[in-house]
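Please read it alongside the sequence and the structure shown here.

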Amino acid sequence: MDDTTAPAEEATGDLGRLAATVERLRRELADSRRAADDRALVELAKGVLVGRLGCGPAQAAEQLTTLAGRSGLSPVEVAADVVNAAAHDRVSVAARAEPQAAVPLRAAESAALDAGDTQAVARSLLEHALPALGATAVAVWAAETDGSLTLAGYAGFGPEEARSWRHVPPGVDTMAGRSLAGRRTIWHSGDLPSIGRRPADPGGRVTMPMTTGGRVLGVLEICWPDAPGAGSSRVERQIEALAELCAHTLTAPGAPGAPGASGARTGPDSGLPELIGLADALPDPALVLRARLDARGGLADFEVRHVSRRLHGTPTLEAHPFKAGGLLLEAFPQAAGGLFGRVERVHATGEPFRSERMPLALSMTGVADVSLTRHGENVLLVWRDHDEDARLAGLLEHAQRLGRIGGFEENAVTGEVTWTAQLYALYGLSPGEPPVPLERLREHAHPDDGVTVGRFLRTVLHHRRFAAAAFRLRRADGGARHLRVVAEPVFGPDGRLMATRGAYQDISSQHWTEVALAVTRDQLAHSERESAERNRLALQLQHAIMPPSHGTTRSDGLRIAVRYRPAQKDHLVGGDWYDVVTLPSRRILLSVGDVAGHGMEAATGMVVLRNALRGLAATGAGPAQLMSWLNLVTCHLADPMTATAVCGVYDPASRVLSWARAGHLPPILLRERDGSELPMIKGPLLGAFTDAAYEEGRVRLRADDTLLLYTDGLIERRDRNLRHAQDRLLAIATRGAATLDRLLDDLLIRCGSDTDDDTCLIGVQLT
């Protein structure tokens with residue numbers, strides 16, 4: 001052996017022994033920690049037995065040993081049963097439903113009680129309780145009053161991942177955030193972001209709010225390596241017990257979200273004197289509320305801790321006799337309709353609530369601006385009544401601003417002229433300038449509107465009748481506005497003129513809208529005339545090439561009938577075509593096609609493709625080659641378009657039909673009262689790809705066989721899919737008919753298409 005390799009091998013061996021030593025010490029530490037947790041659970045059970053049996057610690061230990069020997073269980077399992085029998089918490093409920101969970105849950109509880117922080121609690125959950133559930137990671141989120149989340153503890157995730165998720169701002173949609181907002185348990189299997197979540201991660205998670213005393217303190221998130229689906233009731237009960245345990249750790253002093261976390265004094269009434277002082281100093285009525293819990297720790301009602309001085313001696317207090325110590329729902333049953341739920345949410349989440357014009361029976365007017373904020377364990381309810389006169393004045397001002405309306409009044413006795421603020425804005429004057437009386441209106445109007453304004457003034461000021469007029473106002477800033485003015489005289493009881501009242505409205509936008517609308521109407525009428533002419537020409541072109549129908553013809557042992565049904569509406573003139581022609585080789589070309597779109601472009605495109613196919617077919621090429629050439633023609637047209645087509649070449653000598661399709665529905669073959677579609681061979685629509693390839697199908701026809709080629713206008717319906725329409729066509733075609741003409745007519749009538757599209761139909765029958 002080389003001497004230089006010996007030190008390296010010795011170093012490698014030393015590192016291996018050191019790693020083994022570290023791993024052994026880690027296992028011993030974990031075993032020691034579990035043993036300490038088990039001893040803590042046993043000591044807790046001893047305390048329960050001391051209290052129940054009135055014995056000493058030694059007798060309690062002996063009793064535990066005796067119970068373990070008789071039941072065949074370990075002392076730790078017996079201790080868990082004793083604690084569960086004495087306790088009335090969620091852990092005991094979960095243990096009764098799943099006895100195997102009793103020891104892990106109580107062991108986790110004991111470890112959590114000895115833990116110094118929430119991080120240690122998370123580690124104890126992963127070590128004791130979660131392996132039995134198959135979970136591999138846990139995160140404890142503390143909820144802040146602004147809706148954000150803080151990672152208070154974690155286990156099963158790396159420290160780098162935890163630092164990235166140290167704080168989740170409000171409004172970010174995460175798994176824990178969604179559970180906090182809905183205050184409900186959610187089983188996740190989607191791609192919502194969260195700590196340790198990776199794209200396409202198959203793992204499943206559950207998030208559950210951690211609640212105590214009606215307050216949501218945070219969210220417990222547990223992770224599985226695969227997707228477990230919705231949890232069973234026993235699993236959810238265990239998770240509820242773990243969430244309750246974590247909630248208690250978050251209420252400990254110094255924990256995130258705990259009452260004493262910021263260094264303030266703690267206790268159920270901490271901060272109450274300051275809150276009462278704040279409520280009494282407010283100019284609006286206020287109540288200080290405190291949650292009243294039921295026997296199970298759930299929210300039952302809210303106790304009125306304080307009634308602000310602003311309420312004393314008011315009709316509100318007489319109508320709703322609130323007093324300190326009373327309950328909200330007892331004194332105010334109407335709160336159950338909505339206010340109570342708002343108070344409950346603010347108390348649970350700490351998120352403030354504010355609303356304008358909220359229905360509130362506490363208010364003198366029934367409507368008030370409401371504010372709810374949580375202060376420690378208390379909720380401050382403040383409301384401000386809406387003054388009806390001020391509300392109506394604000395409503396009127398709002399309506400005038402939206403309608404660009406300004407009102408005025410001219411006192412006939414004193415000569416005083418009063419304008420609203422909006423009228424100053426219409427005239428372009430500042431509120432400090434003198435208003436313009438009606439008799440001087442002509443000076444501010446456009447000269448061309450002098451006659452109209454004069455007639456309006458004579459009617460109002462001299463004839464003393466209601467009048468209205470529209471005119472152009474010349475503003476002080478040089479601008480112009482189109483205004484409408486209305487006015488009427490106001491008379492006293494003795495018939496004497498007391499005042500003239502009226503309003504101006506800015507109708508400039510309406511005026512220019514009417515001008516633009518008139519121009520648009522003229523343009524639209526011109527466009528409609530052009531469109532009608534184009535549609536008429538397209539329809540004439542279409543009918544010239546393809547009359548609506550032909551009689552039955554015979555050619556080389558074939559009986560051929562065609563039907564063409566044009567669109568009922570002129571503007572829907574389409575590009576459907578059919579063609580039956582005998583080629584120089586005595587073979588017969590059969591084709592149908594449909595150009596995409598409607599109107600003149602579709603009609604002219606149909607003519608181009610139909611005639612191109614005729615010319616190409618004279619070369620004697622097969623249908624697949626014809627489709628390839630026709631596709632190149634479509635791709636190189638000056639106006640790009642797309643189309644579908646199917647063509648067949650029938651050889652009377654061999655009775656073989658060769659055919660190809662380009663994005664079109666395949667032909668139908670009727671044989672011996674049975675019908676089927678020809679195979680859906682490969683063939684993309686025309687105009688899509690320059691290098692498109694087309695397959696060719698072949699079928700030998702027999703005597704009395706009938707072949708149907710058609711366009712989709714025959715079967716399309718808006719309320720059915722295309723497959724259903726094809727099946728209906730086959731069902732109708734196989735019923736049989738006396739003649740080929742009768743068969744085609746039956747198909748046109750019974751297929752029931754409703755798209756008002758063109759329809760082409762060819763029937764070929766061997767004789």
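A salt bridge is taken here as a side-chain nitrogen of Lys or Arg within 4 Å of a carboxyl oxygen of Asp or Glu. The model is predicted, so that local features need pLDDT of at least 70 and side-chain atom pairs count only at pLDDT 80 or more, whereas totals for chains, interfaces and linings use all residues. Residues are numbered from 1 along each chain as its sequence is written, and side-chain values use heavy atoms, with hydrogens and water left out.

A search of the whole structure finds 19 salt bridges. One of them joins the side chains of Asp-284 and Arg-384, with an N to O distance of 2.9 Å. Asp-284 lies in the loop between helix 10 (272-281) and strand 7 (286-293), and Arg-384 in strand 11 (residues 378-385), so the pair ties together parts that are 100 residues apart in sequence. Helices (H or I, at least four residues) and strands (E, at least two) are DSSP runs, numbered from the N terminus.

Five strands form an open sheet in the order 19-20-21-22-25, with antiparallel pairing; two strands are said to pair if DSSP finds at least two bridges between them. Strand 19 (575-582) and strand 25 (697-700) stand at the edges with a single partner strand each, so one side of each has no neighbour in the sheet. From one strand to the next the twist averages 15°; axes are lines fitted to C-alpha atoms, for helices over the stretch in contact, and angles run from 0 to 180 degrees between N-to-C directions.

Strand 22 (residues 656-662) runs antiparallel to strand 25 and is joined to it by four bridges, and Trp-659 stands opposite Gly-697 in strand 25.

## Helices 19 and 20

The axes of helix 19 (residues 600-617) and helix 20 (residues 623-635) come within 10 Å and cross at roughly 140°. That angle makes helix 19 oblique to helix 20, since angles under 35 degrees count as roughly parallel, over 145 as roughly antiparallel, 65 to 115 as roughly perpendicular and the rest as oblique. The crossing is right-handed, a term used if the near helix is turned clockwise from the far one by less than a right angle.

Contact means heavy atoms within 4.5 Å, and on that basis Leu-609, Ala-612, Leu-613, Leu-616 and Ala-617 in helix 19 meet Leu-626, Met-627, Trp-629, Leu-630, Val-633 and Thr-634 in helix 20. The residues of this contact divide into 10 nonpolar, one polar and no charged, where Ala, Val, Leu, Ile, Met, Phe, Trp, Tyr, Cys and Pro count as nonpolar, Asp, Glu, Lys and Arg as charged, and the others, Gly among them, as polar. Helix 20 also lies across strand 21 and strand 22, running at about 25° to strand 22.

## Helices 21 and 22

The axes of helix 21 (residues 722-733) and helix 22 (residues 740-750) come within 10 Å and cross at roughly 145°, in a right-handed crossing. Arg-728, Leu-729, Ile-732 and Ala-733 of helix 21 make the contact with Leu-743, Leu-747 and Arg-750 of helix 22. Five of the contact residues are nonpolar, none is polar and two are charged.

Strand 14 (residues 467-474) and strand 15 (residues 480-491) run antiparallel and are joined by eight bridges, with Leu-473 having Arg-481 of strand 15 as its bridge partner. Their hairpin has five residues between the strands, and in it Gly-478 takes a positive phi near 90°. Strand 15 also pairs in the antiparallel sense with strand 16 (residues 497-506), over nine bridges, and the bridge partner of Val-486 in strand 16 is Ala-503. In the hairpin of strand 15 and strand 16, with five residues between the strands, Gly-495 takes a positive phi near 85°.

Elsewhere, six strands form an open sheet in the order 3-2-1-6-5-4, with antiparallel pairing. Its edge strands, strand 3 (167-168) and strand 4 (186-188), each pair on one side only. Strand 1 (residues 137-143) and strand 6 (residues 215-223) pair in the antiparallel sense over six bridges, and Trp-141 has Val-219 in strand 6 as its bridge partner.
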